[in-house]
Amino acid sequence: MALRFPTQLSTPRHLRHRGGLSWTRALAPDALGSSHSSPPPASFRTGKSRVQQLVTCTAQAPGAVNLAPGTPVRPTSILVVGATGTLGRQIVRRALDEGYDVRCLVRPRPAPADFLRDWGATVVNADLSKPETIPATLVGIHTVIDCATGRPEEPIKTVDWEGKVALIQCAKAMGIQKYVFFSIHNCEKHPEVPLMEIKYCTEKFLKETGLNHITIRLCGFMQGLIGQYAVPILEEKSVWGTDAPTRIAYMDTQDIARLTFIALRKENINGKLLTFAGPRAWTTQEVITLCERLAGQDANVTTVPVSVLRITRQLTRLFEWTNDVADRLAFSEVLTSDTVFSVPMTETYNLLGADPKDIVTLEKYLQDYFANILKKLKDLKAQSKQTDIFF
């Protein structure tokens, strides 16, 4: 049987507006259920004017295609999207360790992702911002694990909305058996943050396509704290923090990867929305204090009031060329809301059959990091006989 693709894989041309975009929870379930959906509204701002805009995808969502009598797709064949990222590379490592055949979708780049090939994965070049490059990457794939997000220098909606819509439509058209999507905890509560609103809209769109899927919401990565706090403290550089009361339950990406594959193997998880959170929620100041204690030295903390971030965001929204910066500064709105990015995990552990004692705490993660790095610094000092190495 010939494979029939949707008539349009990318978001309509009128969505490619370069102005600031304030997403609203507009993708109602009844707006995405058919191939001729009525377009749900979303508003975006341009200067002081407020224009009604359409956030939708007009591409058809065809039913699963029966490829028999072709070669059956092996359940162990997976495509990892965003494989070079903080979470993506742990997903790849875990999948290979568990015997999966791993294919990684990677953008063409000057420095190829050779480390993925060295691990044993297959690398294919494609770009979510170019929908025509996507279908070939899905041939022979059973499961897609989507942990990609746009680069800081590009518009958020180019990859995280338009690219993801194209990817999900391709997956539906080509009969992908399962789709794992990583989202953000509390994304439905913060429509003022473009990335969080896009994640929520993507969750709704994925659900309405009818694809067999699992959505996993995350709170924060422990790995991100190394470059943000641990390294600057060791190098006696400034550590940037805020006076916000927001608390985040950081989680080791290795634990996230392990729990993801447990969920992937359980049929009763299909269609569910899971949230993964670490054992404890931390404020920025608590994380800095912990790093100071483990490093054995005080941090040079530069505190940025959240009010300054909010003012900066308002200023950057005045110019079209700084709108993307404003979108990322929108997280300042979350920081002022006394939000706790955490959830009780007892039900999730029971559902997955996982032991909470196996989840790494932030104290243990940072303790191991500082112990290793301080040992290396001591060895370096002993070998070089230098006296100007400080830690």
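1. pLDDT is the predictor's confidence in each residue, on a scale from 0 to 100. This is a predicted model, and the mean pLDDT of the protein is 78. Of its residues, 69% reach 70 or more.

2. Some stretches call for caution. Over residues 316-327 the pLDDT stays under 50, and the model has 23 contacts for this stretch beyond four places in sequence. Residues 384-391 also have a pLDDT below 50, with ten contacts in the model beyond near neighbours in sequence. Where pLDDT is low, the predicted coordinates should not be read in detail.

3. Next, the overall make-up. The protein has twelve helices and 13 strands. Buried residues make up 51% of its 391 residues. Among contacts with a separation of 6 or more, 76% are between residues 24 or more positions apart.

4. Seven of the strands form an open sheet with parallel pairing, in the order β5-β4-β3-β6-β7-β8-β11. The edges are β5 (122-125) and β11 (273-276); each has a single partner strand, so one side of each is left without a neighbour in the sheet. From one strand to the next, the twist averages 20°.

5. How many residues of strand β7 (residues 178-184) are buried? Seven of the seven are, so the strand is largely enclosed by the rest of the structure. In a regular strand the side chains alternate between the two faces of the sheet. Both faces of β7 are covered: on one side Lys178, Val180, Phe182 and Ile184 are buried, and on the other Tyr179, Phe181 and Ser183 are buried as well.

6. On one side of β7 in the sheet order comes β6. Strand β6 (residues 143-146) runs parallel to β7 and is joined to it by four bridges. Within this pairing, Val180 of β7 stands opposite Ile145. Between the two strands the chain passes through helix α3 (residues 156-173), and this β-α-β crossover is right-handed.

7. The other neighbour of β7 in the sheet order is β8. Six bridges link β7 to strand β8 (residues 213-218), and the two run parallel. The chain goes from β7 to β8 by way of helix α4 (residues 194-209), in a β-α-β crossover that is right-handed.

8. The pairing can also be followed from β6 to β3. Strand β3 (residues 77-81) is parallel to β6, and four bridges join them. Ile145 in β6, which stands opposite Val180 in β7, also has Val80 opposite.

9. Helix α6 (residues 253-265) lies across β3, β6, β7, β8 and β11. Relative to β7, helix α6 runs at about 140°.

10. Which cysteine sulfur is nearest to that of Cys187, and how far away is it? A disulfide needs two cysteine sulfur atoms within 2.5 Å, and the count by this rule is zero. Cys187 is in no disulfide; the nearest cysteine sulfur belongs to Cys201 and is 9.0 Å away.

11. Buried means under 20% relative accessible area. Cys187 has 0% relative accessibility and therefore counts as buried. Cys291 counts as buried too, because its relative accessibility is 0%.

Note on methods:
Residues are numbered from 1 along each chain as its sequence is written. This is a predicted model: local features need pLDDT of at least 70, side-chain atom pairs count only at pLDDT 80 or more; totals for chains, interfaces and linings use all residues. Side-chain values use heavy atoms; hydrogens and water are left out. Buried means under 20% relative accessible area, exposed over 50%, partly exposed in between (1.4 Å probe, protein chains only). Two strands pair if DSSP finds at least two bridges between them. A crossover is right-handed if, with the strands pointing away from the viewer, the path from the first strand over the helix to the second runs clockwise. Contact means heavy atoms within 4.5 Å. Axes are lines fitted to C-alpha atoms, for helices over the stretch in contact, and angles run from 0 to 180 degrees between N-to-C directions.
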